Amino acid sequence: MSKQLNVALIGNPNTGKTSVFNALTGLNQKVGNYPGITVDKKQGICKLSRGVKAHILDLPGTYSLNASSLDENVVIELLLNKNDKDYPDVAIIVSDVENLKRNLLLFTQIKDLKIPTILVINMSDLMIRKGITLDIKLLEEKFHTKIALVSTRKNSGITELKQLIESYKTISTESCLDTTSIDEDYFESLQKAFPNQDVYKLWLVITQDANFGKITRQELDVSKFKTKSNQELKRLQQKEAIKRYQFINAILKEGQTIDRSKATGLRSKLDRLLIHKVWGYVIFFLILLTIFQAIYDWATFPMDLIDTTFASLAGWVKDTFHGGGMVTDLVAEGIVSGIGGIVIFIPQIAFLFLFISILEESGYMSRVVFLMDRVMRRFGLSGKSLVPLISGTACAIPAVMATRNIENWKERLITILVVPFTTCSARLPVYLIIIALVIPEGSIIGLSYQALTLMALYLLGFGMAIFSAYILDRILKTKHKTFFVVEMPNYKLPLLKNVLITVIEKTKTFVFEAGKIILAISIILWVLASYGPGDKFNNAESYIETTTHQTSYERNDQIAAFKLEHSYIGIIGKTIEPLIKPLGYDWKVGIGLVASFAAREVFVGTLATIYSVGSASEGENIDTIKTKMANETYADGTKVFTLASGISLLLFYAFAMQCMSTLAIVKRETKSWKWPILQLIGMTAIAYICALIAFQFLK
Amino acid sequence: MRLTIADLKKGEKGVITDSSSEDIPLKLLEMGCLPGNEVRLLQLAPFADPMYLNVNDSFLAIRKETASLIVIEKIDE
């Protein structure tokens, strides 16, 4: 019979915890969500001997059990809830060899919860080079634990670790610190009030409530026990930290020696360059350029490939299941092109996360945060807002999720609110076609007007994000104090395996999380465009006169266009026409706008259908759509797409909140509808006003 | 005069004497900003903020306003 044991991997950020997780589970892992919050829940299976399987849960990195962010809160909530199905039989604390002292703080806290705990000392291959020697036997004895020296880089120690996991029952559960010694009167009265409970657990619940107020799955109700003010509680927490360090330092004095002359100085050499007042910024700028180049240039090839593949797939479905009627159409036009619309973003998302994970793994990202914090703070943001803002150029969804490590709620909220202004990849196809349509060719000092316009739009998006952050910073009043602590980790060469796993996981999350919504919207749109009330829709053929010099293709196109006009979505477009007329758009553009509220990238496809380019519109030659749009006129013969209406449309797309998936993510991350609604109304209002002004001036 | 981490110059060292201000985040204390520990200022970002420190074997960056809450005594080397 096979049985399963629960293992929790716990550790500080930057200790290589994820590497240990990857080494234990290989690709045998999956990422899910904790219920109600969007903290990634990484779990995997590790095969031990004799058919025993260990269920490994990789908990978010944390410096202590006192949570200061949503991610960290997950750890404490799990460890305080013995009834949780993931409650560990054994905990593994991953420490890196250079920061043993600080990592041991968390270790002693976990030990005090009476959970059998294994200490992994990672990056042990660096010990000789850093001049560190450890008396493992002594440390094991004094800390009442088992220690595994692991090097994920050299792939050593993993077998030993697996053996330790298997024999977890032999590990002592003796605690490290007597909680009562922090303040005898207080803790004795606490114990008296809850005689059957562990005093350290009680203490954690009390302080978590005071700090964070978010413990939801607790078994204990300590709300009645209030004998200390928050200020006094914090003083006790500080005392606790001091006591823990006293305990740790006393043991390390015997068990650890560090020959500091052996320190190699790689850190200070690289730091001197990478956070230099001038060179630091130059290097960062060059790295950004490379990332943009990758996202917009290198990704084009796979994207074109995906585009044509899905277009021909849709065509194939239509041809093969010809006569299938509604189902065939739904599959070909709704589902296949819907999925195609998701898959097409994979190359860009993958490239973005490739770079982000390399920058994070190498330790460089913290340097960027350090360099940029002061500048960003002027706008109510944090140095940590930079990563989300850069991610936003691919997609706002991962960008909003990337704000989680900003501890200060106000700075985090502002970042979430302004991130959708950055030019995400979904805006790109819209920009490209409108620019091609209204911006003249030709160039100035070797730079084409069209390329300059595109660049201006990117700068505009970023500028608007910064500007609105500045405004929000003035308006929003929160009680939260500024709070900024960034660890500056050692530089290290990123492990290819870790980078690839991150890229795969993030891409998968995007495809499935955002993909679900995009797919659903595509199907709804298809239905709205394929059905309509009344005779004009259902008997379109009889309304279109046959002219002699018309091919059957042209006639079919005409019928399709007529049907669309009288479909449900056509009716919506007509209804909003008075509203968008001052911006220079007709009802057909209106349909595109409405459809774009699902996801911007459907704009081009929708217009393609509206301007009756042909039935297999998606992936069609863009020139045909462009030509049709260029020739589109109002009844009085004036052109629909002029410089004025084009610029107005570009501005509208630059600023409007047209992405339901982002709104859904913002709701999840802020736990309230208030912020996404504010975003929707605020951004769309800005977009409307800017587009209105632009059109009226340029007209 | 009361000296704090914010008064350190690049490369200078001090020993923490008081970090009990209520506005110091607990996380910072747990990373080792506690009385008795040595702190060295490694580097400053432009406008001298944030500050890059080495304390308790940890390397971290904090903002100047937080640094000005942690009282130290300077150590001359």
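Student: Is A:Asp185 buried or exposed, and what makes it so?
Tutor: This is a predicted model. The relative accessible area of A:Asp185 is 64%. Exposed means over 50%, so A:Asp185 is exposed. Its place is in helix α7 of chain A, residues 184-193. A:Asp185 also belongs to a negative surface patch, together with A:Asp178, A:Glu184 and A:Glu188.

Student: What makes that patch negative?
Tutor: Asp and Glu count as negative, and the patch is formed by A:Asp178, A:Glu184, A:Asp185 and A:Glu188.

Student: Which residues form a positive patch?
Tutor: A:Lys269, A:Arg272, A:Lys277 and B:Lys10 form it. Lys and Arg count as positive. A:Lys277 is found in the loop between α10 (266-274) and α11 (279-298) of chain A.

Student: Why is A:Lys277 called exposed?
Tutor: Its relative accessible area is 58%. The cut-off for exposed is over 50%, so A:Lys277 is exposed.

Student: Why does A:Trp279 count as partly exposed?
Tutor: A:Trp279 has 48% relative accessibility. Buried is under 20% and exposed is over 50%, with partly exposed in between, so A:Trp279 counts as partly exposed. A:Trp279 lies in helix α11 of chain A.

Student: How do you know that the buried residues of helix α6 of chain A are on the same side?
Tutor: In α6 (residues 158-166), the residues A:Ile158, A:Leu161, A:Leu164 and A:Ile165 are buried. They cover an arc of only 115 degrees around the axis, which puts them on the same side of α6(A). An α-helix has 3.6 residues a turn, so residues three or four places apart point the same way. The face turned away from the buried side of α6(A) carries the exposed residues A:Thr159 and A:Gln163.

Student: What makes A:Arg102 and A:Glu487 a salt bridge?
Tutor: Their closest N and O atoms are 3.0 Å apart. A salt bridge needs a side-chain nitrogen of Lys or Arg within 4 Å of a carboxyl oxygen of Asp or Glu, so the pair is a salt bridge. A:Arg102 lies in helix α3 (residues 100-111) of chain A and A:Glu487 in strand β12 (residues 485-487) of chain A, so the pair ties together parts that are 385 residues apart in sequence. A:Arg102 and A:Glu487 are buried.

Student: Why does the salt bridge of B:Asp49 with A:Arg377 join two chains?
Tutor: The side chains meet at 3.0 Å, N to O. B:Asp49 lies in the loop between β3 (38-44) and β4 (51-55) of chain B, and A:Arg377 in helix α15 (residues 364-377) of chain A, so the pair joins two chains. B:Asp49 and A:Arg377 are also linked with A:Asp373, A:Glu411 and B:Arg63 in a network of salt bridges.

Student: Is A:Asp473 buried or exposed, and how do you know?
Tutor: Its relative accessible area is 19%. Buried means under 20%, so A:Asp473 is buried. A:Asp473 forms a salt bridge with A:Arg474, and A:Arg474 counts as partly exposed at 47% relative accessibility.

Note on methods:
Residues numbered from 1 in each chain as written. Chains lettered and ligands numbered in written order. Predicted model: local features only at pLDDT ≥ 70, side-chain atom pairs only at ≥ 80, totals over all residues. Heavy atoms only, no water. Patch = residues over 30% accessible without salt bridge, like charges linked within 9 Å, V, L, I, M, F, W, Y side chains within 5 Å. Areas by Shrake-Rupley, 256 points an atom, 1.4 Å probe, with all protein chains shown as cover. Charge placed at Lys NZ, Arg CZ, Asp CG, Glu CD. Helix = DSSP H or I, 4+ residues; strand = E, 2+ residues; numbered from the N terminus. Buried < 20%, exposed > 50% of the residue type's maximum accessible area, 1.4 Å probe, protein only. Arc of directions from axis to C-beta.
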